[in-house]
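Please read this note with the model open beside you, and take the points in order.

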Amino acid sequence: MSETLNPSRDEFAEMFEASIVDRDTFEQTVVKGTVTGIEKDVAIIDVGLKTEGRVPLREFMQPGAEEKIEVGSTVDVFIDRVENAHGEAVISREKARREEAWDRLERSFEDEDRVEGHIFNRVKGGFTVDLGGAVAFLPGSQVDIRPVRDATPLMNLPQPFKILKMDKRRGNIVVSRRAVLEEDRAEHRQEVVRDLNEGDEKEGVVKNITDYGAFVELAPGVDGLLHVTDMSWSRVNHPSEVLNVNDTVRVKIIKINPETSRISLGMKQLQPDPWEGVQAKYPVSGVFHGKVTNITDYGAFVELEDGIEGLVHVSEMSWVKKNVPPSSIVSPGQEVDVMVLEVDEYKRRISLGLKQTLSNPWETFAERHPIGSVIEGEVKNITEFGLFVGIEDDMDGMVHLSDLDWDRSGDDAIRDYQKGDVVQAKILDVDPDKERISLGIKQVANDPMESMGELQRGADVTCEVTAVENGGIEVRVGGDGGPKAFIRKSDLSRDRNEQRPERFAVGDKVDARITAVDRASRRLSLSIKAREVAEEKKAVEEFGSADSGASLGDILGAALKDTEDKE
């Protein structure tokens with residue numbers, strides 16, 4: 001008795017060592033235990049330790065994993081501590097289930113297998129899912145393929161999930177129901193697609209409409225794309241012009257991609273192609289009535305019939321309006337007459353002309369205003385090569401620099417003009433094909449070269465000095481309206497001492513001899529020296545000779561006296 005109540009030192013050491021072994025072996029592990037009793041809201045479980053543990057009954061009633069226990073039942077429990085302050089083992093059924101679940105879920109995550117769980121609560125950003133002991137987070141975007149407004153019908157139902165992320169240290173698991181549905185949908189889609197062939201005609205329901213087309217469901221979970229360009233042979237600006245959601249339509253399978261199982265559909269392919277035989281239907285130079293369907297920066301599209309459109313390029317819209325936006329000439333829905341300029345049935349293109357159906361104002365202008373007639377117009381633009389003068393019907397004619405003034409250079413003459421000036425000009429040429437009208441301002445006045453009649457080389461003329469320069473003098477022949485010429489310094493006198501431009505003044509009258517006439521380049525060459533030499537020669541021939549003994553002064557004096565006598 002005394003030995004029992006007072007164990008020896010060796011026996012106490014053995015008991016203490018046993019308690020240490022039990023603690024190291026059992027704590028933080030899952031063991032099997034036996035239910036020895038049930039009291040109110042707890043179950044008493046023997047796990048083979050010195051004392052029993054207590055587990056709340058609620059831990060056996062997790063959503064979707066309720067367990068029926070009774071005295072004698074064997075259950076797995078987690079040993080949190082071998083003994084607490086009350087001398088009882090601290091155990092947990094919930095933690096045991098969690099440990100079991102984590103081991104099982106980690107294997108499923110590595111193998112990319114699905115796991116089963118129950119959605120049991122709504123939290124911020126999504127839901128919580130019980131995966132048989134472990135709680136996972138289900139983001140709202142991962143509940144279904146399409147947004148779910150009410151998830152109540154999905155709560156507390158066993159269903160498969162895919163684990164997206166796991167972190168045991170933090171206790172985080174993220175799952176997706178959507179991934180499972182997409183996998184099932186893809187498998188189902190592949191099965192359905194295998195039974196479809198390109199060229200098949202099917203009925204489907206419009207499920208969604210986008211800017212580029214509509215998705216048509218051919219079978220549950222299987223849809224195809226009906227692109228906007230395949231809805232009609234006519235232009236369709238937006239799919240909503242042709243279809244509405246939930247419309248039942250008949251379509252043709254155009255293409256099936258075996259790798260992605262994507263299906264391309266068409267509606268217009270069920271109708272005859274209006275482009276067949278289009279060249280015979282719309283011959284070149286034929287004029288047809290159509291409607292403007294679309295306007296771009298480079299032109300306007302005109303529908304000739306359902307499915308047949310042609311382009312009127314901006315350059316073919318107006319005879320006279322250049323560099324203007326097409327929208328300033330035509331508007332959507334406007335009915336117009338157009339001429340067929342070119343047809344390419346292979347590329348399904350028709351080039352049309354709008355201006356060709358109207359009278360050509362360039363031809364009309366040429367008929368009303370023959371070459372040589374004078375018109376009046378306003379200076380519309382000034383460029384480095386001339387003036388543009390507004391004529392009529394928004395047409396412009398061009399006056400080249402060389403046609404501004406008879407005497408001055410174009411660069412000098414153009415400085416006299418400003419935008420808005422009203423000028424008179426003579427029509428020099430009209431080219432309706434190139435849409436060009438050439439005008440001349442200087443031609444309105446008479447050509448000074450022509451006003452002198454038949455100017456010939458060797459003739460003597462009287463000139464008026466108009467400018468004095470270092471290299472000579474500028475003169476006008478025959479007074480106002482006459483042509484201008486330049487007498488070089490070396491031609492100012494036969495006497496070198498008199499070849500000085502400064503001895504002349506503007507307004508002086510001088511006599512000179514024409515030494516050259518170039519009507520093509522409009523150049524007139526004059527020389528005072530040549531005239532003096534010619535006069536001397538004539539005087540020598542008439543009043544003296546080389547052997548007469550008379551001096552040159554005597555001869556010139558005699559010639560001068562003879563001239564005075566005649567006068």
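**Notes on the model**

1. The second largest cavity has a volume of about 40 Å³. A cavity here is a set of points, on a 1 Å grid over the protein atoms alone, where a 1.4 Å probe fits but cannot get out, and lining residues are those with an atom within 4 Å of a point. Grid points are joined across faces, edges and corners, and a volume is the space filled by probe spheres set on the points. By this rule there are two cavities of 30 Å³ or more.

2. This is a predicted model, in which local features need pLDDT of at least 70 and side-chain atom pairs count only at pLDDT 80 or more, while totals for chains, interfaces and linings use all residues. Residues are numbered from 1 along each chain as its sequence is written, and side-chain values use heavy atoms, with hydrogens and water left out.

3. Which residues line the second largest cavity? They are Val-292, Ala-300, Val-302, Val-312, Met-317, Val-330, Val-336, Val-338 and Leu-354. Strand E19 (299–305) and strand E21 (335–344) are the elements that give two or more residues to this lining; helices (H or I, at least four residues) and strands (E, at least two) are DSSP runs, numbered from the N terminus. By class the lining has nine nonpolar, no polar and no charged residues, where Ala, Val, Leu, Ile, Met, Phe, Trp, Tyr, Cys and Pro count as nonpolar, Asp, Glu, Lys and Arg as charged, and the others, Gly among them, as polar.

4. The second largest pocket has a volume of about 490 Å³, a pocket being an open set with protein on both sides within 12 Å along at least five of seven lines. It is lined by 20 residues, of which Trp-233, Arg-235, Trp-275, Glu-309 and Arg-348 are the closest to its centre. Strand E20 (308–313) and strand E22 (349–353) each supply at least two lining residues, and E20 gives the most, with four. The lining of this pocket is made up of eight nonpolar, six polar and six charged residues.

5. Strand E11 (residues 159–167) and strand E12 (residues 172–176) pair in the antiparallel sense over five bridges, where two strands pair if DSSP finds at least two bridges between them. Lys-165 has Val-174 in E12 as its bridge partner. The two strands, E11 and E12, form a hairpin with four residues between them, and Gly-171 in the turn has a positive phi of about 75 degrees.

6. Glu-112 lies in the loop between helix H3 (93–111) and strand E8 (114–123). Is Glu-112 buried or exposed? Glu-112 is exposed, with a relative accessible area of 60%; exposed means over 50%, buried under 20%, and partly exposed in between (1.4 Å probe, protein chains only).

7. Thr-128 has its place in strand E9 (residues 126–130) and is buried, with a relative accessible area of 14%. Not counting residues up to four places away in sequence, Thr-128 touches His-118, Ile-119, Phe-120, Asn-121, Val-123, Val-135 and Ala-136, a contact meaning heavy atoms within 4.5 Å.

8. Finally, please consider confidence: pLDDT is the predictor's confidence in each residue, from 0 to 100. The mean pLDDT of the protein chain is 81, and 83% of its residues reach 70 or more. Over residues 15–22, however, the pLDDT is below 50, and this stretch has four contacts in the model beyond near neighbours in sequence.
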